[in-house]
Structure formats: C-alpha cells, structure tokens
Amino acid sequence: MEAAIQTRGILSLPAKPTGVRSFLQPSHGLKHRLFASKPRNLPGLSLSSGHNKFQTFEPTLHGISTSHKERSTEFICKAEAAAAGDGAVFDEGDTAAIVPSPKIFGVEVTTLKKIIPLGLMFFCILFNYTILRDTKDVLVVTAKGSSAEIIPFLKTWVNLPMAIGFMLLYTKLSNVLSKKALFYTVIIPFIVYFGAFGFVMYPLSNYIHPEALADKLLATLGPRFMGPLAILRIWSFCLFYVMAELWGSVVISVLFWGFANQITTVDEAKKFYPLFGLGANVALIFSGRTVKYFSNLRKNLGPGVDGWAVSLKAMMSIVVGMGLAICFLYWWVNRYVPLPTRSQKKKNKPKMGTMESLKFLVSSPYIRDLATLVVAYGISINLVEVTWKSKLKAQFPSPNEYSAFMGDFSTCTGIATFTMMLLSQYVFDKYGWGVAAKITPTVLLLTGVAFFSLILFGGPFAPLVAKLGMTPLLAAVYVGALQNIFSKSAKYSLFDPCKEMAYIPLDEDTKVKGKAAIDVVCNPLGKSGGALIQQFMILSFGSLANSTPYLGMILLVIVTAWLAAAKSLEGQFNSLRSEEELEKEMERASSVKIPVVSQDETGNNGSLGESATETSAPTNT
C-alpha cells in the first residue's frame with residue numbers, strides 16, 4: 001500500500017473509505033521506493049504541520065479492490081505534482097489536483113488588487129504635483145518685489161538644505177517607526193500644510209511678509225541682492241515652493257515607489273510599472289486643464305476681488321481631497337492585499353545611525369550609480385529648463401498668461417507621456433532594462449542641442465520663423481516647451497520605472513535608506529548643481545546667452561557620465577536579479593519533503609518514510 005502525501009498540505013483519509021480505491025493505487029514512479037518486505041498497520045498515526053489532524057489507516061483498507069488502476073495512476077501523478085506545488089487537499093474522487101488562481105483579462109486577481117490601487121495612487125499624487133508645480137512658479141515669479149532670478153537661489157540655498165534635513169529625519173524615523181506609521185507620518189503634514197496655505201497663510205500674506213524690512217535691506221545692499229532678499233520678502237511663498245518640490249521628491253519617489261516596490265515582484269514590475277504612468281498622465285492632462293480653468297477664472301471676477309486667492313482656495317481644496325484619497329488607498333492595500341514572498345537569504349544588516357547610513361550608501365557602487373543617474377538628470381534638465389523659463393517669462397509677463405501657458409504645457413506633457421507609456425512595455429519586453437535606461441539621456445541630449453542651437457543661431461532663423469507667424473522669442477519658447485515635454489515624457493515612462501525597478505533586488509535596509517538618500521537629496525542636488533553651474537557661468541561670461549556654448553559642452557559631459565552609469569548599473573542589476581532567482585529556487589527545493597507510506601509487494605501497509613527523497617527501511621514483525 002502506498003499513498004501520495006503532500007508537502008505543505010495534509011493527507012486526509014476517512015476511517016472507512018468507500019470510494020478511494022484509485023487513490024490507494026501505487027504510482028509507478030515511486031514504486032521502487034515504497035515497497036517494504038512486511039505489512040505493518042499504522043495505529044494512531046497523525047500527520048500535521050500546524051494544520052488539521054488526520055485520521056489513521058485502519059486494517060479495513062487491506063482488502064480494497066484495485067480495479068481502477070489507470071484512474072489511480074493519473075490521480076497519483078497529479079498528487080505528486082501538487083506535492084511539489086501548492087499542496088491542495090484532495091477530496092474523495094477528485095482528479096483536479098491543482099486549482100489555478102482566478103484571472104481577469106489574463107491577469108491574476110491578486111495582482112490586479114495591487115496594480116489598480118497603485119495606479120489610482122499614482123494618479124492622485126501626480127494630479128496634485130502638477131497643480132503644485134505650476135502654482136509655485138507663479139507665486140514666486142510674479143510676486144511683488146520678486147522675479148525669475150529668485151528660482152536659482154531657492155533651489156540652491158533653501159530647497160537643498162531642507163531636503164537634506166528631511167532625509168536625516170526620515171532615516172531616523174525609518175529606524176523607529178513601522179512602514180505604515182512612517183507613510184502616514186510623512187504625508188499628513190503635506191496635506192495639512194497645503195490646506196492651511198490656501199485658506200490661512202495666503203490671505204494673511206500682506207501681514208506676515210516683512211516688506212518694509214526687505215525694502216530697507218535692498219536699499220542698503222543694492223539691486224544685485226534682489227534674489228536673496230526676495231526669499232525673505234515672500235518667505236511663505238518660498239516655503240510653498242519648497243514643499244511643492246518636496247512633494248515630488250518625497251511623496252512620489254520615496255513613499256509611492258517605496259510602497260510599490262514593497263508589494264510587487266520584479267516580474268510584476270517589468271509588466272506593470274510602465275503602465276502606472278498611463279493613469280498618472282491622464283492626471284497630467286486633467287490637472288493641466290484644471291490649472292488653466294482657474295487661471296482664466298480670474299478674468300471673470302469683479303473689480304476688487306483677489307482672483308488668485310479664489311483660485312488658490314479651490315486648487316488647494318483639490319490637493320487636500322486627493323491627499324486623503326491617497327491615504328485611503330494605502331490603507332486599503334495594506335488591509336486586503338497580501339505581500340509577495342521574498343528570498344529570506346538576505347544579509348541582516350544592523351540598525352545604523354545617520355553617518356553610518358551615509359557611509360554605507362556612499363561605499364556601495366550600486367547606490368552610487370543610481371545616484372549618478374538621478375543627479376545627472378537633475379543637472380541636465382535644469383540647464384535647459386531654467387533657460388527656457390527665462391524666455392517664457394519674457395514672452396508671457398503677466399501671471400494670468402504665464403499660468404495658462406503652464407496649464408497647456410502640462411496637458412501636452414500628459415498626452416506625450418501617455419503615448420510613451422504605451423510604447424514603454426514593448427521597449428522593456430523587447431530590449432530589456434539597459435536599453436530603456438539609456439533612452440532618456442539620449443532624448444534629452446538631442447532635444448537640448450536643438451534648443452540651444454536655436455538660441456545661439458536665432459538670427460539666421462528669423463526669416464523662417466517670421467513666415468510661420470512667430471518671433472524668434474516665441475519660437476524659442478515653443479522649441480523649449482517641446483524639449484521639456486519630450487524629456488519629461490521619457491523620464492516618466494522609462495527613467496522612473498527603470499530607477500524604481502533597480503531598488504527591488506536590494507535588501508530592505510539598503511532599499512529604505514538608499515531611496516531616502518537618492519530621491520530626497522540627489523534630486524534637489526541635481527537641480528541645485530545645475531543652478532550653481534548657471535550662476536557661475538552668468539557671473540563669468542556676463543549673461544546666460546554668452547555662456548550658452550559652454551552650457552552645451554557641460555550638458556554633453558554630464559549625459560556621457562549618465563550613460564556610463566546606466567551601463568554599469570545594468571550589469572549589477574542583472575547580477576542581483578539572477579542571484580535572487582537562484583536563492584528562491586534553492587529555498588523551494590530545500591522545502592520540498594514528501595512523507596510517504598511504505599508498502600510491500602502484497603499491498604499491505606508499511607512504515608511511514610521520512611521524505612520522498614528517502615527510502616523507507618523495511619520493518620519486520
């Protein structure tokens with residue numbers, strides 16, 4: 001007598017079986033290991049692995065008919081497959097050993113329970129980010145006593161220090177709080193602040209801004225200090241600017257992608273990460289329309305009404321509502337979606353302090369390459385974007401026109417990125433991670449060269465653009481807008497998924513602290529680095545136009561380093577991925593132990609073997 005017994009499941013036979021003849025027939029693949037010389041009953045045998053207890057074989061099994069041998073062979077083969085698989089329990093007469101997971105449109109329901117909420121979260125986060133990004137520039141550029149010159153100073157001397165401070169605080173909190181508590185602790189202050197700004201801080205801005213002090217200092221120090229003094233003059237607007245920037249670095253990069261990496265596998269990420277942006281870029285389209293709607297709304301208000309205050313209240317109400325929706329989706333996924341199994345053979349790293357964490361991250365070539373990608377993108381896009389915004393300010397000096405154009409820009413960015421998202425999955429499937437990671441720097445380099453060429457050689461192009469009904473300034477604005485649209489669409493559809501996929505094979509300690517250091521510090525470091533380069537060039541060569549050829553050369557060097565880091569990271573990523581897959585296979589193989597019941601040639605019960613890989617020793621009675 002022999003029986004197929006599962007690994008993680010249980011063997012359950014009734015005391016007096018009536019319809020299990022086929023179940024008790026031997027599998028020919030196991031026959032040479034299961035026969036014992038003499039029968040032996042199994043009094044009181046109970047098999048359990050923390051599950052249900054099982055009834056014993058009784059002597060009444062001795063005379064069971066063996067008339068359905070072919071059916072039994074098929075059934076036992078399926079039982080053997082299940083023993084190495086998910087361990088489904090076999091009911092009497094059941095031949096469907098393995099029950100597949102339910103699917104919708106070819107995707108498992110469990111996977112959809114992850115992907116759909118994550119897509120909605122990404123939609124809400126980027127909807128907010130588009131509103132905040134467009135609003136922050138209007139606030140600081142068009143405010144009284146300020147101009148576009150304030151932006152480089154903000155990025156370098158305010159945004160970067162606050163980002164570093166947040167990273168240090170986040171590192172400390174990650175050591176003492178659970179992941180859920182850490183998520184809520186970080187995102188709720190953002191929601192509260194943006195609501196308070198629209199309804200409290202902006203209406204009181206005339207009372208809380210030190211206008212008289214700023215005017216006095218400006219008269220003393222001279223107009224060249226207008227940029228730094230503007231930070232003091234409109235400090236609440238500058239704080240909004242920094243919080244809007246941190247929303248992109250913290251909520252998108254650290255909170256969302258960290259959560260997505262936690263609940264998805266590499267295979268799911270390769271298939272669905274590019275598609276997250278589809279819903280997100282629908283958000284860009286709608287949020288761009290929202291910004292333009294409220295920008296035009298100010299025209300219809302009566303005299304004496306602060307139209308911008310009305311618009312701010314409406315847009316900040318939307319931001320708060322979307323933030324609460326993000327919290328709800330996070331709660332729902334944590335409550336109803338199971339986490340994927342990870343390889344357990346990771347190095348258990350001890351808790352590290354702030355300096356130890358930074359030293360560990362700096363010493364890792366993998367993290368350094370990731371940091372190079374992020375910093376290079378920040379510097380490259382800033383070298384082109386700041387120059388473009390200066391042209392945009394010259395073409396659209398009023399806040400109303402400026403904000404409306406930015407709404408159109410966001411909508412076009414969403415449409416272009418949506419299209420790129422549709423193509424990104426093909427790129428990942430056809431060419432892999434490495435090629436996808438190199439597309440963004442290539443696109444940025446080509447479009448940047450076109451933009452700088454138009455600025456440097458605008459004179460010869462003047463007759464051509466005049467035939468198109470444009471001035472050289474307007475043509476530069478449009479070409480710069482196209483450059484930003486293509487670069488950002490490549491970033492959202494390819495660069496961001498590639499960067500986030502690179503975190504997945506890392507151990508949890510490196511993943512959490514590495515993301516905080518790279519995404520929170522390196523993002524503003526890249527932007528601040530670009531701003532510092534531009535400030536140095538302007539002071540050295542007298543104007544941004546005179547420094548344009550040198551900025552183009554710097555852009556070429558940075559993109560070259562970016563491509564080299566992407567190539568290096570490709571090899572390390574593939575190596576870690578292979579190691580993780582091998583560890584999982586070894587864990588699955590080592591966990592497969594199939595207890596069996598030995599049997600002699602007469603078909604009587606024998607002794608219980610240890611596993612399917614061991615032959616039961618004969619027992620003489």
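Asp 134 is buried, with a relative accessible area of 1%. In this predicted model, the side chain of Asp 134 meets that of Arg 133 in a salt bridge, with 3.8 Å from N to O. Arg 133 also counts as buried, because its relative accessibility is 9%.

**Salt bridges**

Side chains of opposite charge can pair when their charged atoms come close. The structure holds 11 salt bridges, and three of them are set out below.

| Side chains | N to O distance |
|---|---|
| Asp 134 and Arg 133 | 3.8 Å |
| Lys 136 and Asp 137 | 3.4 Å |
| Arg 289 and Asp 408 | 2.4 Å |

The side chains of Arg 289 and Asp 408 meet in a salt bridge of 2.4 Å. This pair links distant parts of the chain, with Arg 289 in helix α10 (residues 266–297) and Asp 408 in helix α14, 119 residues apart. Arg 289 has a relative accessible area of 37%, so this residue is partly exposed. Asp 408 counts as partly exposed too, at 25% relative accessibility. Elsewhere, salt bridges that share partners join Lys 136, Asp 137 and Glu 245 into one network.

Thr 135 is found in helix α3, which covers residues 109–142. Its relative accessible area is 2%, so Thr 135 is buried. Which residues does Thr 135 touch, not counting residues up to four places away in sequence? They are Phe 240, Trp 308, Leu 312 and Met 315.

Val 251 lies in helix α9, made of residues 235–263. With a relative accessibility of 1%, Val 251 counts as buried, because buried means under 20%. Leaving aside neighbours within four places in sequence, Val 251 is in contact with Ile 125, Ile 187, Phe 190, Leu 246 and Phe 256. The C-alpha atoms of Val 251 and Phe 122 are separated by 9.8 Å, although these residues are 129 residues apart along the chain.

**Aromatic side chains**

Phe 190, a contact of Val 251, also belongs to an aromatic cluster. The cluster is formed by Phe 190, Tyr 193, Phe 194, Phe 197, Tyr 202, Phe 237, Phe 240 and Trp 247. Phe 240, another member of the cluster, is touched by Thr 135.

A search of the whole structure finds 31 aromatic pairs. In one of them, the ring centres of Trp 388 and Phe 405 lie 6.5 Å apart and the ring planes meet at 50°, so the pair is tilted. Trp 388 lies in helix α13 (residues 365–395) and Phe 405 in helix α14 (residues 399–456), so the pair ties together parts that are 17 residues apart in sequence. Both Trp 388 and Phe 405 are buried.

Trp 388 also pairs with Phe 409: the ring centres are 5.2 Å apart and the planes are at 40°, so this pair is tilted. Phe 409 lies in helix α14 and Trp 388 in helix α13, so the pair ties together parts that are 21 residues apart in sequence. Phe 409 is buried, as is Trp 388.

**A nonpolar patch on the surface**

Phe 199, Val 200, Leu 204, Tyr 207, Ile 208 and Trp 235 form a nonpolar patch on the surface. Together these residues have about 610 Å² of accessible area. Helices α5 (179–201) and α6 (205–208) each supply at least two residues of the patch. Phe 199 is found in helix α5. Is Phe 199 buried or partly exposed? Phe 199 counts as partly exposed, because its relative accessibility is 45%.

**Cysteines**

A disulfide is a covalent bond between the sulfur atoms of two cysteines. How many disulfides does a search of the whole structure find? The search finds zero. Cys 327 counts as buried, at 12% relative accessibility, whereas Cys 412 is partly exposed, with a relative accessible area of 39%.

**The chain as a whole**

The chain has 18 helices and four strands. Of its 621 residues, 52% count as buried. The chain exposes about 27,900 Å², and carbon and sulfur atoms supply 65% of that area. Among contacts in the chain with a separation of 6 or more, 81% are accounted for by residues 24 or more positions apart.

Notes:
Residues are numbered from 1 along each chain as its sequence is written. This is a predicted model: local features need pLDDT of at least 70, side-chain atom pairs count only at pLDDT 80 or more; totals for chains, interfaces and linings use all residues. Side-chain values use heavy atoms; hydrogens and water are left out. Patches are made of residues with over 30% relative accessible area and no salt bridge: like charges are joined within 9 Å, nonpolar side chains (Val, Leu, Ile, Met, Phe, Trp, Tyr) within 5 Å. Accessible areas come from the Shrake-Rupley method with a 1.4 Å probe; for residues, only the protein chains shown count as cover. A salt bridge is a side-chain nitrogen of Lys or Arg within 4 Å of a carboxyl oxygen of Asp or Glu. Buried means under 20% relative accessible area, exposed over 50%, partly exposed in between (1.4 Å probe, protein chains only). A disulfide is a pair of cysteine sulfur atoms within 2.5 Å. Contact means heavy atoms within 4.5 Å. Rings of Phe, Tyr and Trp (its six-membered ring) pair if their centres lie within 6.5 Å; planes under 30 degrees apart count as stacked, over 60 as edge-to-face and the rest as tilted.
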